Amino acid sequence: MPDPMGFMKYRRQLPLLRPVPDRVADWRDVYQRVDEQMIHEQSSRCMNCGVPYCHNGCPLGNLIPDWNDLVRVGDWERAAETLHATNNFPEFTGRLCPAPCEAACVLGIGDDPVTIKQVEVEIINRLADAGPLQPFTGATPSGRSVAVVGSGPAGLAAAQQLARAGHATTVYERSDAVGGLLRYGIPDFKLEKGHIDRRAAQLAAEGVAFVTGCEVGVDVSLAELRERHDAVVLACGALDPRDVPTTPGRELSGIHQAMVYLEGGNRVVAGSLDAPPIDAAGLHVIVVGGGDTAADCLGTAHRQGAASVRLVEVAPLPPQQRDGGRDPWPTWPTMLRSGSAHEEGGERNFGCAVRRFLGDDEGRLRAVELVDVLVGPGFTLSEIEGTVREVPADLALLAIGFAGTQPGPHLAQAALTRNGRGTIDAGADWQTEAPGVFVAGDARRGPSLIVWAIAEGRSAAAAVHQYLMSDGGRLPAPVTPSSMPLSAR
């Protein structure tokens, strides 16, 4: 039974960030740990609604009111069990998901929503404090084997579900360590890599085998994997970067894709590189884009000691609060969001575009020409007269999103092609046109949220299990290939 007065007694409160001078001097988590009293108060704000819309806001269908109330009464063990019943990796979602569940919280209609993410991450924090994550063992071997290509959240979720169903599961990862985009694409100040290592150790103890440094399509063909295994799951993400090839000056040195920049910086933190291949120290940095990747570049540049950082985004300045006419509750609202990196400094330019990159006599970037723009139908841009200006720039980072899963020989080896969105099509059973080859996560959906990746990984695993063992029961499948976020349209 929830506290019927909790949302009236306590106000929404978020964990404190470490002081800016301290956190930009290292790469550790920017948030401070919170005490149990604060978590008790925040979980007490949950009303345990008769129709909990937070369930539908979350594609995993997390049992949010249930574990909120368990935290309220201090039953952390059962709270962790309830949380893991629907979510394989709450330590990832609690830190990286933008929380569509909070946007769908009923309390948010007339008050501040429950701090669902905060409670979630504190549940898994306390479980991790108690020691290594305990593996779930004892599944009866099925005699079937599955290959999972990619070790991001979709691949890891699929692998864990399949291993727990008794299938011999092998994850193939082209990088030198598991984690996919979580490993070298997300800075440690948002996700310290010990969280990935702890979870990978649990999967290994459950029987998942990891083959790193192996690029499917190059080091081993997809056809070979199909011969070795009874089924294959493609969970190779959507990392084909968008570019600005027609912008004058794009050929200048000093202009890089954001993910290349982030990977180099993250490898230094991991200890696999002595110095970043692209270093912002002492430079004037322009980041083209305004999403999470741009914010990661901003925070990384701060820690490398950039002279200045400016984010340039063509979208206009969003509203400070939900626009009920455009984005009514419980849909995800378009509104101004500021992360920890934005609070550390830098300048944000909305409704602004790079007109051209300007170079010196040696072909190096020296400045960018900016102009304010209006966004019209079909995302057409029109320049605002009298707003052209030149700003210094020694380094430009392109953080303008991704055009789908990366093309490669692995697709041709299974006679698969990318569709018009740059992703891989799947039927209602998550199976591609190649028999026995399934696809999940961003490789199918396109660039999306980590919570959708985990949901698709779990659902694809359920489809693989049904494919391999038609009479072997069912695994939970929170979404279908046609599932969409809550929308008013």
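Me: Is Arg356 buried, partly exposed or exposed?

Reply: The model is a predicted one. Arg356 lies in strand 9, which spans residues 352-359. Its relative accessibility is 37%. Buried requires under 20% and exposed over 50%, so Arg356 counts as partly exposed.

Me: Leaving aside neighbours within four places in sequence, with which residues is Arg356 in contact?

Reply: Contact here requires heavy atoms within 4.5 Å. Once neighbours within four places in sequence are set aside, the contacts of Arg356 are Thr247, Pro248, Val368 and Glu369.

Me: Which residues are buried on the two faces of strand 13?

Reply: In a regular strand, side chains alternate between the two faces of the sheet. Strand 13 covers residues 395-398, and both of its faces are covered. The buried residues are Leu395 and Leu397 on one side, with Ala396 and Leu398 on the other.

Me: Which residue in strand 13 is the bridge partner of Val288?

Reply: Strand 6 (residues 284-288) runs parallel to strand 13, and four bridges join them. Strand 5 (residues 255-257) also pairs with strand 13 in the parallel sense, over three bridges, and there His256 stands opposite Leu397. For Val288, the partner in strand 13 is Leu398.

Me: Is Ala99 buried or exposed?

Reply: Ala99 is located in the loop between helix 7 (90-96) and helix 8 (100-103). Although not a glycine, Ala99 has a positive phi of about 70 degrees. Its relative accessible area is 3%; the cut-off for buried is under 20%, so Ala99 is buried.

Note on methods: Residues are numbered from 1 along each chain as its sequence is written. This is a predicted model: local features need pLDDT of at least 70, side-chain atom pairs count only at pLDDT 80 or more; totals for chains, interfaces and linings use all residues. Side-chain values use heavy atoms; hydrogens and water are left out. Buried means under 20% relative accessible area, exposed over 50%, partly exposed in between (1.4 Å probe, protein chains only). Two strands pair if DSSP finds at least two bridges between them.
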